[in-house]
Structures are given as structure tokens and as C-alpha cells.
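Keep the sequence and the 3D view side by side. The text below walks through the fold by its contacts and its surface.

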Amino acid sequence: MKIRVEKKVDNRFRKDEDSIIKIPNVRQKIHIITALGIVNVLLIVSYFVLTHYAVKNVIVDGNQHYSASEIKAMVMTGYLGDNSLYLSLKYKNKSIEGVPFVDTMDVVVQSNDTIKITVYEKALAGYVEYLGRYMYFDNEGVVVEASKVTTRGIPQVTGLDIDHVVLYQKLPVENSEIFQNILTVTKLLNKYNVLCDKMQFDANYNVTLGYNRVKVNLGPLQNLEEKLMQLPNILPSLEGEKGTLDLQNYTGDHKSITFEREG
């Protein structure tokens, strides 16, 4: 004889179990919503930073050897290189060094979309050609750069008795004061916007400037400014000519200027 035993389950407990299983994980949802909120905030902030601080205007000042586009390429590097906020943090209290022909470059953020790059180039007096390179020297005669290209406004200096050139060392000449005189001439040429191609010295350190086919004989390094300030009015009238403009005896009192044409 079999006895059937039925187990009765209280429906109240089953309902409770079902309700516990179906209760959503509220804490997990809160975490997800919070994470999504943070992501949205970060996206909004990122969009604002990328758009509001996008650099649209770049002012480059003081550059001579490099073009403005070349200077910008050196400064505005990396993914955020065109972002003024990033640049202000990157170059805060910091100058850019190690660029050939340049002492330092300063970057100043003038507004959210405008930056100014000020270039402080090395005070180059001139250059000599040596073994296929242009060796640039400063007012002390120290060779500071070697390049394969010439720089506008810096003349080639010839006539100096130089048998060797070493980078970062002085050019071996008898009269080291000549370098300061060369820099003085170079600065005056820039001042009066009469840049020359060559600057030639003779054994007595008399100087002759080269302008294509026209030579300008300045003679001794005296009354230089009085002589050079005449060139802006004279050189345009000699365009296409070939010969020598003689200013060696020119002074404020003795205004002697002659031009000898060559065939």
C-alpha cells in the first residue's frame, strides 16, 4: 500500500521569492547613469575647450632666418598644437631654445584664439664660406651656426685671412675687433634697408660692399652711418649698371660721391 505525501507550498513565500528575483539592481543603475553623466560632461567640456580655444590668429615677430609658417610649425606641435589653452600651459614661464639661428622664442597667449610668437634671433655679423658650408659668426667672431643656405640680411664676408673654421670657436684672424665692425656695418645696412650680398675687406681693412654688379667702396671704417645713409637714394638709380660707387671720402662736410662704370 502506497502512501502519497503531498508537500504544500505556501504561495505567499513563492510570491516573495519571485518578487526578490525581479527587483532591479538599483545601485548598478545609479553607477551606470553616473558614468554616462560624467562621460557627457567630459564630452561637453572637451568640445568647448577644442572649439573655444582654437587658435585662429598667430602673430610672429622678430623672425628673419625662418618664415612665419616655419616658426608656427616649430611652436604649434602635437595634437593640441592649435589650442591656446594647451599652448599657454606648455610654454608657461618657458622659452623655446635649441633652434638654429635663434636664441629663444617666447609664446604669449593674447586671447582664446590669438597667440603671439616673439623670435629672438642670434646677433649674426656675417658668414664665411668654408668647405661648401656657410659658417655664420657673431660680433665676437665665434662661429655659431653652419648651414647650407644663406640668410637674407647677413652678408658674406671675404678678404679675411682665414685658414680654418671650427664651429663654436673664434675665427682665426689677427685683428679680432674687425668682427664688431662687421656687425656695426650689418646693423646699419638693415637700418637703412640697403642689404648687400657681400662685404669685402682688403689688407688695411677698407671695406667694399657688393650689390650684384655694383660695388660700393666705403674705404676706412669711419663715418659709416653718413656714408650708408646715402645708399637708399643712390642705389635705385644704379639698377642695371655695372661699376664702382666711391664713398670712401664722403663726410658731412665733404660730400664726394663718384660712380665709375665698367664696360
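How many salt bridges does the count come to? The count comes to three, a salt bridge being a side-chain nitrogen of Lys or Arg within 4 Å of a carboxyl oxygen of Asp or Glu. This is a predicted model, where local features need pLDDT of at least 70 and side-chain atom pairs count only at pLDDT 80 or more, while totals for chains, interfaces and linings use all residues. Residues are numbered from 1 along each chain as its sequence is written, and side-chain values use heavy atoms, with hydrogens and water left out.

Side chains of opposite charge can pair when their charged atoms come close. Take Glu145 and Lys122. They form a salt bridge with the closest N and O atoms 2.8 Å apart. Glu145 is buried, at 10% relative accessible area. Lys122 is partly exposed, at 25%. Here buried means under 20% relative accessible area, exposed over 50%, and partly exposed in between (1.4 Å probe, protein chains only).

Next come Lys191 and Glu225. Their side chains meet in a salt bridge at 2.6 Å, N to O. Lys191 lies in helix H5 and Glu225 in helix H6, so the pair ties together parts 34 residues apart in sequence. Lys191 is exposed, at 55% relative accessibility, whereas Glu225 is partly exposed at 33%.

Arg261 and Glu241 also meet in a salt bridge, at 3.1 Å from N to O. Arg261 belongs to strand E12 (residues 258–261), and Glu241 to the loop between H7 and E11. They are 20 residues apart. Arg261 is exposed at 55%. Glu241 is partly exposed at 26%.

The largest nonpolar core has 36 residues. A nonpolar core is a set of buried Ala, Val, Leu, Ile, Met, Phe, Trp, Tyr and Cys residues joined through side-chain atoms within 4.5 Å. Ile182, Leu189, Met199, Leu209, Tyr211, Val216 and Leu231 touch the most other members. Elements that give two or more residues to this core include strand E4 (124–130), helix H5 (178–191), strand E9 (207–211) and strand E10 (214–219). H5 gives the most, with seven residues.

Then check the backbone. Most residues other than glycine have a negative phi. Phe101 is not a glycine, yet has a positive phi of about 70 degrees. Phe101 is found in the loop between helix H4 (84–90) and strand E2 (102–111). Phe101 is buried, with a relative accessible area of 3%. Asn212 is not a glycine either, and its phi is positive at about 60 degrees. Asn212 is found in the loop between E9 and E10. Asn212 is exposed, at 73%.

Finish on the surface. Lys198, Arg213, Lys215 and Lys242 gather in a patch of positive charge. Patch residues have over 30% relative accessible area and no salt bridge, and like charges are joined within 9 Å. Lys242 is found in the loop between helix H7 (231–234) and strand E11 (243–246). Lys242 is partly exposed, at 32% relative accessibility.

Terms used: Patch = residues over 30% accessible without salt bridge, like charges linked within 9 Å, V, L, I, M, F, W, Y side chains within 5 Å. Areas by Shrake-Rupley, 256 points an atom, 1.4 Å probe, with all protein chains shown as cover. Lys, Arg positive; Asp, Glu negative; His and termini not counted. Charge placed at Lys NZ, Arg CZ, Asp CG, Glu CD. Helix = DSSP H or I, 4+ residues; strand = E, 2+ residues; numbered from the N terminus.
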